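Okay everyone, thanks for coming. Let me put the structure up first, and then I'll walk you through a few spots in it.

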Amino acid sequence: MTDAFFTCRKNVLLAKSPSTQIEGVFAATRGTSVPEEQEALLQQWLEEGVENLPASESVPAVRKVSVTLTSDWFEGSELLMTSLSDLNTSPEVTRCADQQLSELNALASSELQDHAVAELARLPAEETVTVGGSAPWAAVVPQTDHQTAGCAGINVEVLNDDPAVLAWSLACDAETVPPVLPARPIQDAVPFYPVPTEVPYHEILWRDWEDLSVQPCVLEQVSKTTPLFEFRVMSYNILAQDLVEQGLDLYVHCHPDILNWNYRLPNLLQEIQHWDPDVLCLQEVQENHYWEQLEPTFKEMGFACFYKRRTGTKTDGCAVCYKHSRFQLISLSPIEYFRPGLDVLNRDNVGLVLLLQPVLPEGLGLKAVSPLCVANTHVLFNPRRGDIKLAQVALLLAEIDKIARTTEGSYYPVILCGDLNSVPDSPLYKFIRNGELSYHGMPAWKVSGQEDFSQQLHSRKLLAPLWPSSLGVTDKCQYVTLCQPKKLGRREYSRDFLLQFRFCDVACERPPQLVLLEGVTDAKPARDYSAVSAVLKRHNSLSLLGKQCSGVIQHGLNLTSVYGHFLPQRGRPEVTTMPMGLGATVDYIFYSAEPVENKAGRRLYKDGALKLLGRLSLLSEDVLLMANGLPNHFCSSDHLCLLASFGLEISSL
């Protein structure tokens, strides 16, 4: 009430006094802190105000002058929401003209200052307010354009000085604020609905934790006697600040303050600390922010950190951090997708592949757990260059194949995180999940499914082979040197190599120690079969060449997605980002599983040694629109974080 009184007094002085007198009196009044003095001053001011009013203004009235929305409204939201709640329930303030107050609230939440001033001039000039049973008091609202502009300018300063003043001036009954805003149609330039501050962001953007360990399909696979090494993995594109400043047109819906790195950094760190992952995969990590702020903070949180900056002149990259109390590093392999002279690999994207050994707690005895391969990447964004995206993913899978392959030829469990800039059920997504893709003749824009360029003439098409053999990667996404693992104690002669000698002179001589069996070892091979051998050899060579140039690529990692990409409760697809107000899923966490069967070209999986125990639910596009899209005051990136809980089987030695 004290802040409200001083605000109204200043508004009255605006109509009575020059600006120099206003500031002096207001400053002196704000300095009074004793309740008795404030009460006496209030009574004196009421008497003076009534005596000095002209005859034409004999009806006591008060008018709120300031409705402009400032940045202080967003700072200290908890304080402002508390102030609103207190003022709404205060018995000392009686509000009149509810319709006008509702208009002012709508005005304050959606219009700029000049619109607010115009609306003020249109509204009636007087409004009655009763304070604590005292005599009504009045404030004169100037009617001229010049005076109105002066009042608005001074009161903006008052709002910046005291957020509680704005809370008082915008206070209204609960029923005047709609709890949910209707969705606004999306145009080329997408307008966003600003969320009323009375509605906390954490309620709109609430994300549930989905416990998948209680589902029957998981319970059947997890034996009660089999202990699990449980851990959490987070994948998060945190939006590099340099990219924000280079693309401000993408964030016109955001208040400038929430795009500031000093505002975003504490939010991001608080979110990561709240979910407490054991493995953290970050994309769009700006290099100077990583070394100066992020890495020191993560080390204090118990993480060991590794970073790879994008090549060329780019200032951001990928980072993988893990809790050194839970894992130990076995090997680290950074990947650069740029290859000089190759058009299909001429971009500066990067990735990281780590092989980690879980650290078992003491007291388990002779127990062992499999190493874990963790990969993180950020694939090219350009929707028109699906050929580059596909080649980058093939290189990443080849590196994972090298790091995660065991001496027996199988694979350690793999977790692949990243921003793949491809939507679910796109050819690139299907390639990762199903392990095979026929790409020859496919339009390049179709690979990621981000945009539809089907109407474009002469679009780029993918041709086989997608990359040259000089890259050293086969169509099975394996390095050539690792395709045939060495077997100790045996010479490396292929079957085809040995078969070409089966009709040579030595092969046609009967060994002297060979037992003579009629109809079995008594016949000699006919030498004219050599012609047949040559034909078979040419046939095998052509078949092998045809397979390499058929436009089919494969991998054998058996990966499936943590998320299902659809929210059955809302009947809407999940989204992980909202560029220009259009929701899409481009961020993923894939993990190793065991294939069960194929249905209509889609491979089905069940959990193997690595079990999915839970995940943090995603949101739909309409929910994010109610929160003014991404980023907003609550989420400081244009992507949502992904979080999943896994369990690795612990076996006896």
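**Rings and a buried serine**

So, S592 counts as buried because its relative accessibility is 13%; buried means under 20% relative accessible area, exposed over 50%, partly exposed in between, with a 1.4 Å probe and protein chains only. Before I go on: this is a predicted model, where local features need pLDDT of at least 70, side-chain atom pairs count only at pLDDT 80 or more, and totals for chains, interfaces and linings use all residues. Residues are numbered from 1 along each chain as its sequence is written, and side-chain values use heavy atoms, with hydrogens and water left out.

Back to S592: you'll find it in strand β18, residues 587-592 (strands are DSSP E runs of at least two residues, helices H or I runs of at least four, numbered from the N terminus). Its side chain reaches the backbone nitrogen of V414 at 2.8 Å.

Now, the aromatic rings. Rings of Phe, Tyr and Trp (its six-membered ring) pair if their centres lie within 6.5 Å; planes under 30 degrees apart are stacked, over 60 edge-to-face, the rest tilted. By that rule there are 13 aromatic pairs. Take F231 and F327: their centres are 5.6 Å apart and their planes at 90 degrees, so that's edge-to-face. F231 is in strand β4 and F327 in strand β8, so the pair ties together parts 96 residues apart in sequence. And are they buried or exposed? F231 is buried at 2%, and F327 is buried at 1%. Both belong to a cluster linked by ring pairs, together with F229, Y591 and F646.

Definitions and conventions. A polar contact is a pair of N or O atoms within 3.5 Å; within protein, one must be able to donate a hydrogen and the other to accept it, and residues adjacent in sequence count only if both atoms are side-chain atoms.
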